[in-house]
Protein chains: 2
Amino acid sequence: MKSLWVVYFSSMIKVVVLGFGNVGKHLVDAFLESDEIDLVQVYNRSRPKQFSTTPLEFTTDISEIKKADIHIVAIPDDDIASFSEEIPLENSLVVHTSGSVPMQELNTKNRQGVFYPLQTFTANRSVEFKEIPICVEAQNKEDLIVLLKLASAVSNNVQEINSEERRSLHLAAVFINNFVNHLYHISEEIVNQTNLNFNLLKPLLLETASKVINNSPKDVQTGPAKRNDQETIKKHLALLENKKYRKIYKAITKSITATYGKEL
Amino acid sequence: MKSLWVVYFSSMIKVVVLGFGNVGKHLVDAFLESDEIDLVQVYNRSRPKQFSTTPLEFTTDISEIKKADIHIVAIPDDDIASFSEEIPLENSLVVHTSGSVPMQELNTKNRQGVFYPLQTFTANRSVEFKEIPICVEAQNKEDLIVLLKLASAVSNNVQEINSEERRSLHLAAVFINNFVNHLYHISEEIVNQTNLNFNLLKPLLLETASKVINNSPKDVQTGPAKRNDQETIKKHLALLENKKYRKIYKAITKSITATYGKEL
């Protein structure tokens, strides 16, 4: 058994990517760059207008999906369960790329697993894939080893993370990415309303992010909420016309003052 | 008059910094590096344990404050009004560095102005001062010119911003810095509770910030709130034990779904 293993791993890992949206495209780009990965095929339900990368073995016909060591389902969360049922394979390793979907939602006719790149992907924006944490999970040790090998071929930051841990990680990611981005949006709206340019705030925006790379966010908090400076807080609330933004302002301010023990 | 002006400006700008906290220290460092600025004196109510920079003309005695072209008050917002009253000068240009305090709160015995560096300063953390937007405001044109010249000596990004605009800018800065930092803190707490390392989230954190340098935040929003994915939202709320964090989650989620027209 052990010797078979060695033979098996001396060859490239054969991968099929199912889904060619933002995540699928970035995975394909990363896989094509690796000597250790043989990207056998890409499936998408429709033909993309253009391929950014070298010609691919591509299909829109689910019945044509080829065999491989790993099938990676990179489609919207809500479609993962039903799509995994339609895959015309059995006892293959089929993994999804979602932060919030439990591994068990994949259909049981195949071996389940997760290959979750903890990053936000934007169309036409490349990212340093080597630095992206890849969180993998599998049902058995052999599959885990294959996933670890695949992940290591594209990233220097590979983690074994179970579904429960991944759930927390995804929630934290929603705060750090989705919610932070909405605060950026609110900021932009505020300055635009005063006919100022959002660019003015960008050095502050970047420094706020850079600062917590070497400091715990808790230790570098500043501002009126931390000081419980009610006068400034009142002035700010009076300036905010949007009710939803006022609610956000109040909720975060309350949480900050509570964190630093200055709640009234 | 005009020729006097020229003579006046051919010499260095004499500056006194009043206050040696985070802002004061960073200003002093920047001023000392400029050939166009003569840092005449630094005042602080107490003697700092150490000076990070070259020996300074320093005093803790308010009665010893020297004359200069500009006196910069870099002290906590709440103390600006009363401190400016105590300054033993008359008809000098006295400016503060605050984002939220109106210029008019400075005592009227001196000429009022503002020199607001739009950045967050941390002890023992240097910043690229040349890129910091400096927002200046003055009562008259002559003082404005002096402030513009001082600002231009330390930064490539100088803006004339009135008190009303500065109020909006400061509110936007609170969202982009104080509030974003608190979301970082919540994220860190969530992953720590699952015994995961906050470092896992740092590539995502940095990419979230970098992404909006060339894109409007509104155009790059993603996540369950934007999709109005109620199932994931419910799961997240169930995971969040801290009531204050749940309130923040709900308020931001509601605002995001409203922004993208998917409110129920």
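This is a predicted model: local features need pLDDT of at least 70, side-chain atom pairs count only at pLDDT 80 or more; totals for chains, interfaces and linings use all residues.
Visitor: How is chain A split into domains?

Guide: The domain assignment gives domain 1, residues 2–161, and domain 2, residues 167–259.

Visitor: How many Å separate the centres of the two domains?

Guide: 36 Å, taken over C-alpha atoms.

Visitor: And how many residues are in contact between them?

Guide: 6 residues of domain 1 of chain A are in contact with 5 residues of domain 2 of chain A. The domain 1 side of that contact has 3 nonpolar and 3 polar residues, and no charged ones.

Visitor: Switching to the chain pair. How many residues are in contact there?

Guide: 73 residues of chain A are in contact with 72 residues of chain B.

Visitor: Which elements of chain A give two or more residues to that side?

Guide: They are α5 (163–193), α6 (202–211), α7 (224–227), α8 (230–239) and α9 (243–259) of chain A. The largest share, 24 residues, comes from α5(A).

Visitor: What about residue classes on the chain A side?

Guide: That side divides into 39 nonpolar, 21 polar and 13 charged residues.

Visitor: What rotation superposes the two chains?

Guide: A rotation of 180° superposes chain A on chain B, with 0.0 Å of shift along the axis. The RMSD is 0.0 Å. That is the relation of a two-fold axis.

Visitor: Which residue of chain A comes closest to the rotation axis?

Guide: Val180(A), with its C-alpha at 2.8 Å.

Visitor: Why say the copies meet through the same surface?

Guide: Because 99% of the interface residues of chain A are also interface residues in chain B.

Visitor: Now the sheet in chain B. What is the strand order?

Guide: The order is β3-β2-β1-β4-β5-β6-β7-β8. That makes an open sheet of 8 strands with mixed pairing.

Visitor: Which are the edge strands?

Guide: β3 (58–59) and β8 (157–160) of chain B. Each pairs on one side only.

Visitor: How does β7(B) run against β8(B), parallel or antiparallel?

Guide: Parallel, with 4 bridges joining the two strands. Val136(B) stands opposite Glu160(B) in β8(B).

Visitor: Which strands does helix α2 of chain B touch?

Guide: Helix α2 (22–32) packs on the sheet and touches β1 (13–18), β2 (37–43) and β4 (70–73) of chain B. Its direction makes about 150° with that of β2(B).

Visitor: And where does helix α5 of chain B pack?

Guide: Helix α5 (163–193) also packs on the sheet, touching β6 (111–117) and β7 of chain B. Its direction makes about 150° with that of β7(B).

Visitor: Back to chain A. Is strand β6 buried or exposed?

Guide: 7 of the 7 residues of β6(A), 111–117, are buried, so the strand is largely enclosed by the rest of the structure.

Visitor: Which residues sit on each side of β6(A)?

Guide: Arg111(A), Gly113(A), Phe115(A) and Pro117(A) are on one side. Gln112(A), Val114(A) and Tyr116(A) are on the other. Both faces are covered. In a regular strand the side chains alternate between the two faces of the sheet.

Visitor: How does β5(A) pair with β6(A)?

Guide: Strand β5 (93–96) of chain A pairs with β6(A) in the parallel sense, over 4 bridges. His96(A) stands opposite Val114(A) in β6(A).

Visitor: And how many bridges join β6(A) to β7(A)?

Guide: 5 bridges join β6(A) to β7(A), residues 133–138, and these two run antiparallel. The bridge partner of Pro117(A) in β7(A) is Ile134(A).

Definitions and conventions:
Residues are numbered from 1 along each chain as its sequence is written. Chains are lettered from A and ligands numbered from 1 in the order in which they are written. Domain bounds come from an automatic or database domain assignment. Two residues are in contact if their C-beta atoms, placed from the backbone, lie within 7 Å. Ala, Val, Leu, Ile, Met, Phe, Trp, Tyr, Cys and Pro count as nonpolar, Asp, Glu, Lys and Arg as charged, and the others, Gly among them, as polar. Copies are superposed by least squares on the C-alpha atoms of residues with pLDDT of at least 70 in both. Two strands pair if DSSP finds at least two bridges between them. Axes are lines fitted to C-alpha atoms, for helices over the stretch in contact, and angles run from 0 to 180 degrees between N-to-C directions. A residue is buried if 20 or more other C-beta atoms lie within 10 Å of its own, exposed if 12 or fewer, and partly exposed in between; C-beta atoms are placed from the backbone.
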